2 protein chains.
Amino acid sequence: MKFNHFLLKMNLQMHKLYSLDELQEIISLKLEEEIFNSKPEPNGLYEPIRYLLALGGKRIRPALTLMAFNMYSEKIENAIDAAIALEVFHNFTLMHDDIMDNAEMRRGKTTVHIKYNTNTAILSGDAMMVLANQYIAKTPVEVLKPVFEVFNQTAMEVCEGQQYDMNFETLTQVSESEYIKMIRLKTSVLLAGALKIGAIIGGADQADTEALYRFGVNLGLAFQIKDDYLDVFGDERVFGKKIGGDILANKKTFLLIKALETVQGTTKDRLLEQISTTEAIPEEKIKLVTDIYRELNIDNVAKEKMNYFYTNAMLAFEQIKVNELFKTELRKLTGQLIERNN
Amino acid sequence: MKFNHFLLKMNLQMHKLYSLDELQEIISLKLEEEIFNSKPEPNGLYEPIRYLLALGGKRIRPALTLMAFNMYSEKIENAIDAAIALEVFHNFTLMHDDIMDNAEMRRGKTTVHIKYNTNTAILSGDAMMVLANQYIAKTPVEVLKPVFEVFNQTAMEVCEGQQYDMNFETLTQVSESEYIKMIRLKTSVLLAGALKIGAIIGGADQADTEALYRFGVNLGLAFQIKDDYLDVFGDERVFGKKIGGDILANKKTFLLIKALETVQGTTKDRLLEQISTTEAIPEEKIKLVTDIYRELNIDNVAKEKMNYFYTNAMLAFEQIKVNELFKTELRKLTGQLIERNN
């Protein structure tokens, strides 16, 4: 016991561990210095990039990169560029997705294609993807190739996920497995890729790298199903956006897909009627569909599925062969992401 | 003399030289095998990519990469992936530019955003940029970093060029130097980058690499001014598209910019009247503006500027320190590009 305690202290002395707050401060400073405080020309191209990035967000993806990296190394300067690349890439997808989804608001502010125009949002988005690649190119040369490959595969899968999501709009039926595949591509792989890239730069072995990737995929799936759940069963004051948005948009969420799988008789008729119109009175429609979800126990079905993926995530997490102390911050963030009510 | 002749033969035996036709055949086969014959899912994402790439074009950029590479090495397999990356990237810019310019036709066929829809053209374009990066990632690892950096800088500059081009639409006056800067970014750097990437992979020294880059920039500028010239003074049957398209669109070409710089008196009033309307009778407008250009000697001004950049290109070309024989094919292509009437 005493010897273990001693080893542990030695470990700590050899390898500095950063708290989530410290890492987010590092990310903020880097964005400030290199993006917000630089004013390259033409301004019409670069200003919308700064505008969107400055709207904030939790900077989860770069934090995941740095946390995975910090399990193996303390030289944050080796991973910070890749971390920024992931944040810039994520915001690029938001800029283009908002055009495609015709979204007017993002984080409480006007979206880029509304504030400027669609051409600007297309072109500044393109420049953001190039900017993300410029940050990837700063990865230490010994690991540039594998990091670049993970980044590219992730980026392509995110495009595939967005395509499946758009396809769903015109389909009458989507199966649970098709839905899980879509959210894995559209959301989860970017979290998983962020972790994997951090692990590779940190020098993790292949087993750890893959465990972190599996952890990220399952965490992302749990996260997205929670998102679907909160849109219906969340507390509006805490959730931060209107409850029932997905219901009003007839969006094929996990809840609707499971409801359509089990609903029968007159309840089925009522549900199909609701999701075939966009002209219902909003409050009534939300109440009617929510009541059907409760009647079908969909709230608990969603919670169970979320727990299933969360459990899978934690099983993968346990397989990471680093000292438990090195896992503390990532475990904390995971808890926050999954316990969140917003 | 005899000794030089002997050395030359030795060189030839040590280093295979490919003809332009052979290189274009290699490019075609690679596109066929890896892109046209593969059918990844979701089809809605990948089909528009194949559609646009299959419309053809002269494959100039990948040919430039392979020709620059072949000056230093015969192992085409080391450079073919980067060559394909440049062709895919070029077509990505066409897909997004056609949305921004509201263009309905491309190489005699319907543009992607018209054939499918705008969202498809945005997302498949994004996927094309990722695909281009996937090909860049296959570059031999010893030179991956510098190649990736040139590729990123080029890609960013192409975005900047497109932004300046869009800015010009709302400006009343554009100077010659602003115009040259725009076409350098929008068109020339991609030709120059293609050559530079080939040189780097081939193992050229820095002086040769930079000479090839300068050659490419100046060739691109000459090429673009020729394009502006042919749009007005070309032969419709040879040019392959309607003469006067730029005039009808009131586009700020090299010709219009130089005309506005020198025009005076009543001719100035007539020119300003023409370019402030979009409702003139097409044939009349084209004739009126063309006559003014001739009156102002703009056709010769354009030819002189083209020759200036072409001369600069050839000066850079002479500085490349490889055996004259290794330059034959690139010299031939350059001649074709600059002597072309279409």
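1. Let's start with the pair of chains.

2. A word on what you are looking at. This is a predicted model, in which local features need pLDDT of at least 70 and side-chain atom pairs count only at pLDDT 80 or more, while totals for chains, interfaces and linings use all residues. Residues are numbered from 1 along each chain as its sequence is written, and chains are lettered from A and ligands numbered from 1 in the order in which they are written.

3. Now the meeting place of the chains. Here 31 residues of chain A are in contact with 31 residues of chain B (contact: C-beta atoms, placed from the backbone, within 7 Å). On the chain A side, helices H3 (43–54), H5 (80–100), H7 (118–136) and H8 (144–169) each give two or more residues. The largest share, 14 residues, comes from H8(A).

4. How is chain A built? Its secondary structure comes to 17 helices and 2 strands (DSSP runs numbered from the N terminus: helices are H or I, at least four residues, and strands are E, at least two). Along its principal axes, the C-alpha trace of chain A spans about 65 × 60 × 35 Å. Of its 342 residues, 44% count as buried (buried: 20 or more other C-beta atoms within 10 Å of the residue's own; exposed: 12 or fewer; partly exposed: in between; C-beta atoms are placed from the backbone).

5. Finally, take a look at one helix, H15 (residues 282–295) of chain B. Its buried residues are B:Ile286, B:Val289 and B:Tyr293. They sit on the same side of H15(B), because they cover an arc of only 75 degrees around the axis (the arc of the directions from the helix axis to the C-beta atoms). An α-helix has 3.6 residues a turn, so residues three or four places apart point the same way. The face of H15(B) turned away from the buried side carries the exposed residues B:Glu283, B:Glu284 and B:Asp291.

6. What do the buried residues of H15(B) pack against? Their partners are helices H10 (206–233), H12 (245–248), H13 (254–262), H14 (265–275) and H16 (298–318) of chain B. H15(B) is followed by B:Asn297, with a positive phi near 65 degrees.

Notes: Contact = placed C-beta atoms within 7 Å.
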